[in-house]
Amino acid sequence: MRQLLVILILFSVLSCQNNDTEFLTFGNYRGELKVSDTQKLPFAFNVKDANTLEIYNADEVITVDEITYKNDSVYIKLPVFEGLLIAKIKDQTLNGRFVVEEKDREQAFTAYKSQTRFDNTAKAEKNITGEWETVFSPNTEADKYVAKGIFKQKENKVTGTFLTETGDYRYLEGVINGDQLQLSTFDGAHAFLFTGTVTDSTINGQFYSGNHWKEPFFAKRNANYQLASANNLTYLKDGYDTLAFSFPDADGKLVSLTDDRFKNKVVVVQIMGTWCPNCLDESKFYTQYYNANKDKDVQFVALAFEYAKTEAKAFSFINRLKDRLDITYPILLAQTGSTSKSEANQKLPMLNHVLSYPTSIFIDKTGKVRKIHTGFNGPATGEKYTEFKTEFNAFMAMLLAE
């Protein structure tokens, strides 16, 4: 009788706990991140089941499968990146925050059932399909940089991206209401919002990166505009013809280019970070290439520059990236506590500068650097991505044939 009573009490406690737990309900949601007192960054996601959802940015689909619950709250861990959405659930509405712990960053987050990312409130008066010569922070020399906008528009809906000399802003999606442009993307690392006023030939706007950075941009139509070649921005200083480094792998073993595994091989050295979405796109492509060409004289090695404050935390990010993407080439830890490019340059002093994450260094079978490619034009750039893949495959074939 006593044993039965204990069982009934336990069942009652568990039942109460289960009743107190709120779960995500299936369907389409609009998530919103607060980027300023007057602006919210919207993104679209669909809850497939209590433990899986998909985030959408134009053609990109991000599957999220690390979802846990505690009482009335849900914890949504974004894949690969550190970002975590924490929210209370009530009446199919989420209220909480987006947290990047190692960067000490936090944004207010809400979500509610909706079929749309942005509302269509007026007929589009302009069409921005085409290519745009763009300058960010045009009035500030220290922060000024150039970009190229490439967009497609159908009625109100706009997709596209901005290419810069250090990479692209990945999949942007939004609308034009009247003459007002709104574009956004959210992938767990990037939280970007672009707003602007459009004429037939110009866009005058603002760019928000989370709630920690805001800058103006100005764009004008220019179908002939080209950015500087990604192969000419970073180079070896005079007196150098090769690269040298020695950094630890996850087992604490120092790995160098002089190791036997790299001798008489074509080697691609990838300067990257696990926090970097362009690096993610590049790592996916390199993994596919490496897995398809393991029988050839080719090796890849990545040098990770991490903002994580400790080596243990940095390697946890590295191992998560390797597991998620099934990366089998080594990722070495080059730096912790900072992603400063000037500090990264100190680790690789033979380079004129480290301008971008990612940067790829191509080394031939004799150990000489043959090309350095700054940035990465990922799949969101369309034709530019196709051009990159064609150039990469041809160059690697030439090096392997030597």
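Trainee: How do the residues of the lining of the largest pocket divide into nonpolar, polar and charged?
Mentor: They divide into 20 nonpolar, 15 polar and nine charged. Ala, Val, Leu, Ile, Met, Phe, Trp, Tyr, Cys and Pro count as nonpolar, Asp, Glu, Lys and Arg as charged, and the others, Gly among them, as polar. Before you go on: this is a predicted model, where local features need pLDDT of at least 70, side-chain atom pairs count only at pLDDT 80 or more, and totals for chains, interfaces and linings use all residues. Residues are numbered from 1 along each chain as its sequence is written, and side-chain values use heavy atoms, with hydrogens and water left out.

Trainee: What counts as a pocket or a cavity?
Mentor: Work on a 1 Å grid over the protein atoms alone. A cavity is a set of points where a 1.4 Å probe fits but cannot get out. A pocket is an open set with protein on both sides within 12 Å along at least five of seven lines. Lining residues have an atom within 4 Å of a point.

Trainee: How much space lies in the largest pocket?
Mentor: About 1,300 Å³. A volume is the space filled by probe spheres set on the points, with grid points joined across faces, edges and corners.

Trainee: Which residues lie nearest its centre?
Mentor: Lys103, His190, Phe192, Ser209 and Trp275, out of 44 lining residues. Strand S9 (105–113) is among the elements that give two or more residues to that lining. The largest share, three residues, comes from S9. Helices (H or I, at least four residues) and strands (E, at least two) are DSSP runs, numbered from the N terminus.

Trainee: What volume does the second largest pocket have?
Mentor: About 480 Å³. Of its 21 lining residues, Ile150, Lys152, Ala380, Thr381 and Gly382 are the closest to its centre. The elements giving two or more residues include strand S12 (157–164) and helix H5 (383–401). S11 gives the largest share, four residues. The lining splits into seven nonpolar, seven polar and seven charged.

Trainee: How many cavities of 30 Å³ or more does the count come to?
Mentor: One. The largest cavity holds about 40 Å³ of space. Phe43, Phe45, Leu53, Ile55, Ile76, Leu85 and Phe109 line it. That lining has seven nonpolar residues, no polar and no charged. Strands S2 (40–49) and S3 (52–57) each supply at least two of the lining residues.

Trainee: Changing topic. What span should helix H3 have?
Mentor: H3 has 15 residues, 311–325, so at 1.5 Å a residue it should span 21 Å. The expected span is 1.5 Å times one less than the number of residues. The end C-alpha atoms of H3 are 21 Å apart, which agrees.

Trainee: Which residues of H3 are buried?
Mentor: Ala314, Phe315, Phe317, Ile318, Arg320, Leu321 and Leu325. Buried means under 20% relative accessible area, exposed over 50%, partly exposed in between (1.4 Å probe, protein chains only).

Trainee: And Thr359, buried or exposed?
Mentor: Buried, with a relative accessible area of 1%. Thr359 sits in strand S24. Its side chain reaches the backbone oxygen of Ser356 at 2.7 Å.

Trainee: Last one. Where does Asn352 lie?
Mentor: In the loop between helix H4 (341–347) and strand S24 (359–363). The Asn352 side chain reaches the backbone nitrogen of Tyr235 at 2.8 Å.

Conventions: Polar contact = N/O pair within 3.5 Å; in protein donor to acceptor, adjacent residues only side chain to side chain.
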